[in-house]
Each structure stands twice: as C-alpha cells, then as structure tokens.
Amino acid sequence: MQKTSNPADLAQICRQVRRHIVTMTGAAKSGHPGGSLSATEIVVTLFWDVMRHDPANPKWPERDRFILSKGHAAPVLYAAMAECGYTPVDTLNTLRKLGSIYQGHPDVRFIPSLEASTGSLGEGISLGLGMSLAARLDKSPSRTYVVVGDGEIQEGQIWEAAMFSAYNKVDNICVIVDYNRIQLDGFVKDILDLEPLADKWRSFGWHTIEVDGHDIRALQKAFAEAAATKGKPTCLVAHTIKGKGVSFMENNPKYHGVAPSAEEVELALKELA
Amino acid sequence: MPAKVKYELKLGPATRESFGKTLVELGRENPNIVVGDADLTKSTMTTYFGKEFPERMFECGIAEANMVAIGAGFATAGKIPFVSSFSAFVMTKGFEQLRCLVAYPNVNLKVVGTHSGISIGEDGPSQMSMEDLALACALPNFTVLCPADDTATRWAVRWAAGHQGPVFIRTGRPKAPVIYPADATFELGKAVELVPGTDVTLVATGLLVAEAIKASETLEQEGISARVLDIHTIKPLDEDALARAARETGALVVAEEHLVDSGLGVRVAQALAKTVPAPVEFVGLTTFAESGSPDQLLDKYGLRAPNLVEAARRAVARKS
C-alpha cells in the first residue's frame, strides 16, 4: 500500500472504498451500508495516513491497533483492509456468504490480521484499553484507535471504560464516535438521546474534539492533537452523515441495516464515479 | 487401583488463598502475567500480586464487564492476564464479554471466580454462585477447573498460566480440607481416584470431594464399597474414568456445590448416556440459599457426607 497525507489522494481512496461498500452490500443483499459510508473518511484517514501499520507484517508488535467496535460497519473495514493489501479485493463481493472471509461482522478466525472480532456492541473501548495498557507496560509507541457508533454508546460498558481510561490516564487510546445520528430503530434523538455528547466525554475526563467526520484535513488535525495530548485519553466526536456519498441513502434510517437493490447499486456507483 | 489411604481432612488454606499465593509465584517467574480485579482484591486474594507488582495489577473498580474486556485486550497483545472477582459477578456480569471477546476468538484469558457456591455463607444468595460452572461450560474453547484443595488449586492456576486458551477456575471462600500432599501431581482432564471401590462411585468436585471421602468411610462400615473420584477438570470431562466407574461399580452419585440442573451432574449423565448407562443420583443445589455460616448452609442445603451416603444407598438399590 502507498501511505499518503494528501487530502485529495485520501478523498480518492474514500470514493473507491465507498464503491466497494455499495457493491458488496448490494451483492450480499443484506448488511449495514449506512454506518459504513458514514465512517469512511475516519477509517481511510487512519489506515492511509495516521496509523503505523504494515500489511506485509500484520503482527508487527509495535503497530497501532484499530478496533471497529461498531462491528456491523464491517464493509468499510473490509474495503479498507482489502485496498491496503491485507485481504483480497476480488472476493469482497462474497460478503456474508458461507465460507467467505468477509463474515457478517469482523471475525479474527477468518481474517487473522484483524485486531478483534466485534459485533456485540459496547465492548471495543475496553478491549482497546487492554491493548493500550499492554503497550504502556512494554514501553511500546503503539496507539489504539476505536471507532464506536453513536447508538452503541448507549451501552453501559462504554462508560465503565470511559471512567477507567481517564482515571488511569491512558493517553495512547483514541476513541472516535461516528455520530451519524441514526440507529436501527430511527433517529438517535428519538430513541435515547446522547446530548450533550461532547460534554459527557469531557465530564468523564477525556480530551474531546468535535470534528466534521467527512473533512479529511480536520480529521488529520484532530488525530495529531490526540497523539500530542498527554495524560488523558482523547475522544473525537465526529459529526457524520449516515449513508454519506450516496444521495438517496444520506440521512435515511432505512439504510442502517438494509442493502441497496441492484438498481440502487447502479445509481450509487454513478454518483461515486 | 490406589492403595487405601486414610485421609485426615484437616482444614488447609481456602482455595482462593492458594490462588492468590500462586499468582505471586507466577508473577515472579513470568513478567507477562497481569492481573485484573473489580474492587475485591482483599477477598479474591489478588492483593498479594498487586502489592508485589503494582504496575501489572489493573484495578477496574466495580465494573466486571469492563474488566473482562480489558483482560481480553491484554491477552490479544500477548500478555497472560488473570481476571478475578466473586464467581457470582465475573461469570454473570462479564458473561457476554467472555462469550464474544474471549471464547469466540479463543483469547488467552484466565478467569478465576472466588467465593463460589453457598459456602460464602453470611452474605447470602446475591453473592453466591450456583450457576458458574454451567456458564463456563457453555463457552466453547474454555477449559473449566474446580480444584478441591490447596495443592489442586496451585496446580490449576499454574496449568492455566501455561495453557494457551481461555480457562475458568472455580475457587471458594472457606478453608478447604487438605486432600492431597503438597507434591501430588495432576493431569488435565484426568479424574483422580482417591478411594478404591466396587459397589458405587461417588463423583465429586470442589468442596464436595472431602464430603465424598467421608461418605465412603461411612458406606464401608455398611458394607458398601464406594469409589471416590475427584473431578478437578469439569471440561474436558474424564469420560473414560466415568465409563470405567459405571462398568466396574454399576451405580454413581454426583456431588457438587452447584445447581443440579446445570452442573457436573448433567455432564456426567451425558457422558454415561454415550458410553455406559448406569443409575446416577445427584447431590447439589435446587434453589437459592440464604444467610448462615458455611457449615450451617452446607448442612441445611444437603451438601454433606450423610447426603451422599443416602444418595449412594439409593443408587445401589437401583442397580438391576
């Protein structure tokens, strides 16, 4: 893979990743396109610019760790890992099919270069804490990045982990909330509102940065600020749009857990050309 | 067949104490050992480890789910984490994390539940775990150990540290009767025949092993030759020893400080249904207990040698 800090290059990669997301969920006829599209800039900026990792040496001990705590957004992670060279691109369309390495939710048994099997919500920050604390013990520069969903942080364990992180001054962990404001049953504000969200993280002792989760330059700046922040964990509250990049999917709760039809895939790919 | 041994069954350390002491030894031997606890270090006895290795001790506060998941993260990063709390809490509040982050990806986490069963005593049912073995056995990839005394616990903790894969160890609060000499050796998944016998087999685990030995002595006076098997490994179960016991003695009693509907008893019955079907009687818990001294509770809820003796008589009477 060719790492890059150039926002135009990263935007180009995002477009390619989005094409994969739409195509693979369309082929699978199920899956979670909306929350994959909303997290695309976050994931691409991390994998191509921010994180220290090496697809040729996936178990490099000092690598940075990435955990997709919102495991249902597996398509964005699969697309990114395939484009990085961890896994084949040409079988992405076997998503969710029997025997595919691209399981419904990320599964380390099928893709050993994944850091974690995820899918049961609320657990990724705690898991990342174990990795971050191990790195601290080993005096390793490894950092851990955890992407959580907004609906996901209704889970109580998130706040157990939030309390623990700040109290223990775990500054090599960075949590990104993909705040697309939609969960399965509808808009987050109508299900169990999270506001004031940034204030919640601040009150739990986190260095908190609100950022446009689709603005690559802003994300790069926020990740740099996170890495420079000592003695505190950092949370990026990333304001995003569910279904971002495909006009008819944007901000539409339907596409949380419903795949695009064949015609919709064709329309979407035209928009993402 | 082992020679007949006279067991004194003097009280020795609680198995949680043996766990805490062994953890410190392991910590000295291996810098990769890390330990998590949830505000019960002075009860689970991880306090010994925490005092000697504060940098490798992670106190999680009263947040078991977070503790289990942090432990899974440590294991993923190459450490050998032990997490501990009362069995009643770590196995229930941490169960989903044990399922998805530990069992499913086969992560190298060691879980030690203390204060198991009703012998925690005065604290009462909210603190008593009667279903922890069922929960642990329901997790694929887990090895499940229930040592009876100090020596067995020291072995279990050491075995867990050396094993690559998830392990649950069940320990207790009260002082445990000494069954094994300090130099006894164990093999994973191999039951220990403590007392030879030909008429019935008493299959026991944990605190009930000592009761089974006492029961065998009473039965001997009645002319019933009772074999005693210590099942220190609940999973994988020693199906060969059980089949042999069924073939050679023709009837069995299973005794455990656990719900009879979901513990060792049902596993033994399953094993025998596959190999040598035989009459089996079950000694264990059928409902929530209450406050009381451990001895009072074990008496009241029927987990004593006389209960095993009665069950053995029933089992023998059912032989065709």
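**View 1. Polar contacts across the domain interface of chain B.** Across the interface of domain 1 of chain B and domain 2 of chain B, 16 residue pairs are in polar contact, both residues at pLDDT 80 or more; a polar contact is a pair of N or O atoms within 3.5 Å, where within protein one must be able to donate a hydrogen and the other to accept it, and residues adjacent in sequence count only if both atoms are side-chain atoms. The model is predicted, so local features need pLDDT of at least 70 and side-chain atom pairs count only at pLDDT 80 or more, whereas totals for chains, interfaces and linings use all residues. Residues are numbered from 1 along each chain as its sequence is written, chains are lettered from A and ligands numbered from 1 in the order in which they are written, and side-chain values use heavy atoms, with hydrogens and water left out.

View 2. Helix H7 (132–137) and strand E6 (143–145) of chain B are the elements that give two or more residues to the side of domain 1 that touches domain 2; helices (H or I, at least four residues) and strands (E, at least two) are DSSP runs, numbered from the N terminus. H7(B) provides the largest share of this side, five residues.

**View 3. Area buried between the domains of chain B.** Domain 1 of chain B and domain 2 of chain B bury about 2300 Å² between them, 67% of it on carbon and sulfur atoms; buried area is the accessible area (1.4 Å probe) that two parts lose on being put together, summed over both. Ile118(B), Met130(B) and Cys146(B) supply 29% of the area that domain 1 of chain B buries against domain 2 of chain B, more than any other three residues.

**View 4. The salt bridge between chain B and chain A.** Between chain B and chain A the count is one salt bridge. Lys79(B) forms a salt bridge with Asp138(A), and the closest N and O atoms are 2.5 Å apart. On the side of chain B that touches chain A, H4(B) gives the most, with nine residues.

**View 5. Area buried between chain B and chain A.** Chain B and chain A bury about 1800 Å² between them, 64% of it on carbon and sulfur atoms. Asn66(B), Leu101(B) and Tyr104(B) supply 29% of the area that chain B buries against chain A, more than any other three residues.

Conventions:
A salt bridge is a side-chain nitrogen of Lys or Arg within 4 Å of a carboxyl oxygen of Asp or Glu.
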